[in-house]
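I opened this notebook to record what I looked up in the structure below.

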Amino acid sequence: MQRLIEGIHKFRDEEFGEYQDLFQRLAHDGQHPHTLFITCSDSRVLAELITHSQPGDLFVVKNVGNIVPPAHIFGTPSSTAAAIEFAIESLKVEDIVVCGHSQCGAMKALMSDEMDWTGMRHLEDWLTLAIPVRDAVTLRYQHLKDPAERIDAAGEENVLYALENLKTYSSVTRGLDAGKLSLHGWFFKIATAELFAYDPLVQQFTPLIDPKKAK
């Protein structure tokens, strides 16, 4: 906790001046983010950092495994579903990004047959939403013998599953049909900070930035 408190003081004393006008404008005008960014709760994945975004640019949803429940899943309130509706209907975002990442602990738990769920009933229930991802990896990636590669494959399939689930929300389909909303699937490699975007034409995740053009 002391580290957080020291960080707050450092921000106020050394950095807030740079952002003071921006924060005052945001406080006066409200937020108008251009993108809903759904990513994992993993502490190594920071949406604003990897996209070099400013306060007010992104409406960020972080949950375990960047899972998007289908719209028809009811019974327990879903903050992710609520955020999707709010971002589209109230904030009028133009893009939705679902960003998975390498070495995802949620995907590791999902793919494990030996996971001990003691004391983690909510986590177990949450990950059942992604069982179709596990089934897809089991069916399509039998050639991958390295557990780490299978986990990353699950991470990519989970992004694609989330994109399909997004289309079950009426607010999303209305936005897509009207040409006012676009969906994007990304995958972040932690060790190299590389971002890959799903290209439906080649049905693969390809580098978001051409390494030949990167400075």
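Predicted model: local features only at pLDDT ≥ 70, side-chain atom pairs only at ≥ 80, totals over all residues.

The entries below follow the order in which I looked things up.

**Entry 1: Cysteines.** I then looked up the sulfur of Cys 104, for which the closest cysteine sulfur is that of Cys 40, at 4.2 Å. A disulfide requires two cysteine sulfur atoms within 2.5 Å, so the distance of 4.2 Å from Cys 104 to Cys 40 is too far for a bond. For Cys 99 the closest cysteine sulfur also lies in Cys 40, at 9.6 Å, and I recorded this as too far for a bond. Are Cys 99 and Cys 104 buried or exposed? Cys 99 is buried, at 0% relative accessible area, and Cys 104 is buried, at 3%.

**Entry 2: Aromatic rings.** My search of the whole structure returned nine aromatic pairs. One of them joins Phe 11 and Phe 16, edge-to-face, with 6.1 Å between the centres and 65° between the planes. Phe 11 is partly exposed, with a relative accessible area of 30%, whereas Phe 16 counts as buried at 17%. Phe 23 is partly exposed, at 30% relative accessible area. I recorded Phe 11, Phe 16, Tyr 19 and Phe 23 as one aromatic cluster. Phe 16 has a further contact: the charged end of Arg 12 sits over its ring, 4.6 Å from the centre.

**Entry 3: Salt bridges.** I found six salt bridges in the whole structure. Among them, Asp 42 pairs with Arg 44, with 2.7 Å between the closest N and O atoms. Asp 42 is buried, at 14% relative accessible area, while Arg 44 is partly exposed, at 40%. A further bridge links Asp 125 to Arg 121, the closest N and O atoms being 3.8 Å apart. Both belong to helix α5 (residues 121–127), where a spacing of four residues puts about one helical turn between them. I found Arg 121 exposed, at 53%, and Asp 125 partly exposed, at 41%. I also noted the bridge between Glu 164 and Lys 167, at 3.4 Å from N to O. Glu 164 counts as partly exposed at 47% relative accessibility, and Lys 167 is partly exposed at 41%.

Conventions. Residues numbered from 1 in each chain as written. Heavy atoms only, no water. Buried < 20%, exposed > 50% of the residue type's maximum accessible area, 1.4 Å probe, protein only. Phe/Tyr/Trp six-rings, centres within 6.5 Å; stacked < 30°, edge-to-face > 60°. Lys NZ or Arg CZ within 6 Å of the ring centre and 35° of its normal. Salt bridge = Lys/Arg side-chain N within 4 Å of Asp/Glu carboxyl O. Helix = DSSP H or I, 4+ residues; strand = E, 2+ residues; numbered from the N terminus.
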